[in-house]
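Please walk me through this structure, one part at a time. I have not seen it before and would like a plain account.

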Amino acid sequence: KATQGQTSLANTHPFMRELWGEYWLFAHNGHLKHFYPAPGDYYCPVGNTDSERAFCHILEQLRQRFPQKPEQTVLMEHIACLVKEIREHGLFNFLMSNGDMMFAHASTLLHYIVRKAPFGQAKLLDDDVAIDFAAVTTPNDKVAVIATLPLTVNETWQQLAVNEMVMFEGGDIVRHDVPAHPVYMSAEEGLAVARAAGVSV
């Protein structure tokens, strides 16, 4: 499904690029209007989606500013600044990760849960299926799951505020960029905004 560009392999998430000798992945659920940043020296989209343009723009700006990977606080601050510019063009719910850290940003709806020992059962919201995480994990495991809406009915999911960005590391949120006066959309409000923008929900 797509709001921009044809449905093709080149336009399929997640997108992957190398930066600072690491592979970075990016997935976007949203719609950016009139977002056509200047072509970069290092990163160019292969397909024709707003999502890949945003990803390439973020990496291009990071690489131009930082020849070597910066300290986490500096990286978070710089990504947050880029995100504030990009989200002026519309809906920008995204995940970006290098395998060690993951950034999550909400324009509308984004929920997360951190699962750790002691693990229990999780019952899926849209199917009569329960998963016993104690049977498929070790006591040292910790997993963060991020989704538009909660996926289970018997667990407590946390919601990101509108325009909040967080950084996960080792399954925990270690850095926040939160508006001074956080606003939380209801599921109905968020889905209505997404549908109006042509985003699949």
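In this predicted model, the buried residues of helix 2 are Gln-72, Leu-75, Met-76, His-78, Ile-79, Ala-80, Leu-82, Val-83 and Ile-86. An α-helix has 3.6 residues a turn, so residues three or four places apart point the same way.

Helix 2 itself runs over residues 72-86, which makes 15 residues. From its first C-alpha to its last, helix 2 reaches 21 Å, close to the 21 Å expected at 1.5 Å a residue. At the start of helix 2, the backbone nitrogen of Thr-73 has a side-chain oxygen of Glu-71 within 3.0 Å.

Is His-105 buried or exposed? Its relative accessibility is 1%, and because buried means under 20%, His-105 counts as buried. The side chain of His-105 takes part in a polar contact of 3.1 Å with the side chain of Arg-87. A polar atom of the His-105 side chain also lies 2.7 Å from the backbone oxygen of Phe-92. Beyond its neighbours within four places in sequence, His-105 is in contact with Val-83, Arg-87, Phe-92, Asn-93, Phe-94, Leu-110, Asn-163, Glu-164 and Met-165. Among these, Val-83 is also one of the buried residues of helix 2.

Phe-92 and Phe-94 lead on to the aromatic rings. A pair of aromatic rings is described by the distance of the centres and the angle of the planes. The count of aromatic pairs in the model comes to 7. One of them is formed by Phe-92 and Phe-94: it is tilted, with 4.7 Å from centre to centre and 40° between the planes. Both Phe-92 and Phe-94 are buried. Tyr-112 and Phe-168 form another pair, with ring centres 5.5 Å apart and planes at 75°; an angle over 60 degrees counts as edge-to-face, so this pair is edge-to-face. Because Tyr-112 lies in strand 5 (residues 111-116) and Phe-168 in strand 10, the pair ties together parts that are 56 residues apart in sequence. Tyr-112 and Phe-168 are both buried.

Note on methods:
Residues numbered from 1 in each chain as written. Predicted model: local features only at pLDDT ≥ 70, side-chain atom pairs only at ≥ 80, totals over all residues. Heavy atoms only, no water. Helix = DSSP H or I, 4+ residues; strand = E, 2+ residues; numbered from the N terminus. Expected span 1.5 Å × (residues − 1). Buried < 20%, exposed > 50% of the residue type's maximum accessible area, 1.4 Å probe, protein only. Polar contact = N/O pair within 3.5 Å; in protein donor to acceptor, adjacent residues only side chain to side chain. Contact = heavy atoms within 4.5 Å. Phe/Tyr/Trp six-rings, centres within 6.5 Å; stacked < 30°, edge-to-face > 60°.
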